[in-house]
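Let's take a walk through this model together, starting with the pocket and ending at the ligand.

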Amino acid sequence: MKVFLNGKIVDEEEARVSVFDHGLLYGDGIFEGIRVYNKCVFKLDAHLERLEYSAKAILLELPWSRAEISDAVCETCRTNGITDGYIRLVVTRGRGTLGLNPYNCSNPQLIVMAQEIQLYPKEFYTDGLKTITVPTRRNGPGSLPSTIKSLNYLNNILAKIEAVNAGYMEAVMMNDQGFVSECTADNLFIVQKGTIYTPPAYAGALLGITRQIVLDMARESDIEVVETNLTRFDLWVAEECFLTGTAAEVVPVTEIDGRKIGNGTPGPIVVGFMETYRNLVSRDGTFL
Ligand code: PMP
């Protein structure tokens, strides 16, 4: 694989950052995960806007314009011959000293990787995914705002470990108050009596690009959407539940904590969204 690193395309073996980089030492940096469908980068501008917001929030001044980052993304895809794939865009704080002070870091690193996507098993989309709530909490807005897509994923990783150890691929994370936040790498929605509910950013949810697309799709179909706090009870008794994410797309959930969701098969609303989303990705995007 070829990797874009600070203005140059290099072999992956040569794509190295300093051991003094605060991205490595402290998870001090930000990232984006982006999809390519049929040689088109999907929602590139929305991802770059979120990257800029994340950078601003952590006072990391991006020395590259949006157009330069966009070119780096497209060049990396073209060089690796990607038709359908997954892009990882990373910006680290750069090389600093062993202390925390980010003002000692002068040289942020821009890294772009692109490869074929590893998808969830097909059965998840036809039969639904089973998941559990786990003990590790999502960061609340008073600690690390979930709206910053930072390199700091340790509590999500602990939650993932808890899921995998229990035999599940994804976990539902709560916040410190016991309200539902999201999954380790996906946003969560439920449907109850024809209305769609999803946790807001203040409950610890990332403002996912796919989440926003689903909210827009729902409004276009005149389905009421409410962003509000949800409890585990709300999940257990939901008629439908589904997850959204750039990699996962829209995936139905048919069991949570041993409770069947609805009748235990993907419901009509999520099935409709899965189809609309598939249509959207096939006709939208920045051509490589
Ligand atoms: N929540 C978390 C914690 C994530 O890392 C992601 C991205 N994988 C999402 C939600 C989904 O966001 P998006 O739709 O922008 O990929």
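Helix 5 (154-165) gives the largest share of the lining of the largest pocket, four residues. Helices here are DSSP runs of H or I with at least four residues, and strands are runs of E with at least two, numbered from the N terminus. A pocket is an open set of points on a 1 Å grid over the protein atoms alone, where a 1.4 Å probe fits and protein lies on both sides within 12 Å along at least five of seven lines; lining residues have an atom within 4 Å of a point. This is a predicted model, in which local features need pLDDT of at least 70 and side-chain atom pairs count only at pLDDT 80 or more, while totals for chains, interfaces and linings use all residues. Residues are numbered from 1 along each chain as its sequence is written, and side-chain values use heavy atoms, leaving out hydrogens and water.

Of its 32 lining residues, Tyr86, Thr184, Ala185, Asp186 and Ala247 are the closest to the centre.

What takes up the space of the largest pocket? The ligand does. Around the ligand are 17 residues, with Tyr153, Glu182, Ile209, Thr210 and Thr246 the closest; a residue counts if one of its heavy atoms lies within 4 Å. Look for the polar contacts (pairs of N or O atoms within 3.5 Å). A polar side-chain atom of Tyr153 is 2.4 Å from a ligand oxygen, and an N or O atom in the side chain of Glu182 lies 2.6 Å from a ligand nitrogen.

Note on methods: Polar contact = N/O pair within 3.5 Å; in protein donor to acceptor, adjacent residues only side chain to side chain. Sits in = over half its atoms within 2 Å of the grid points.
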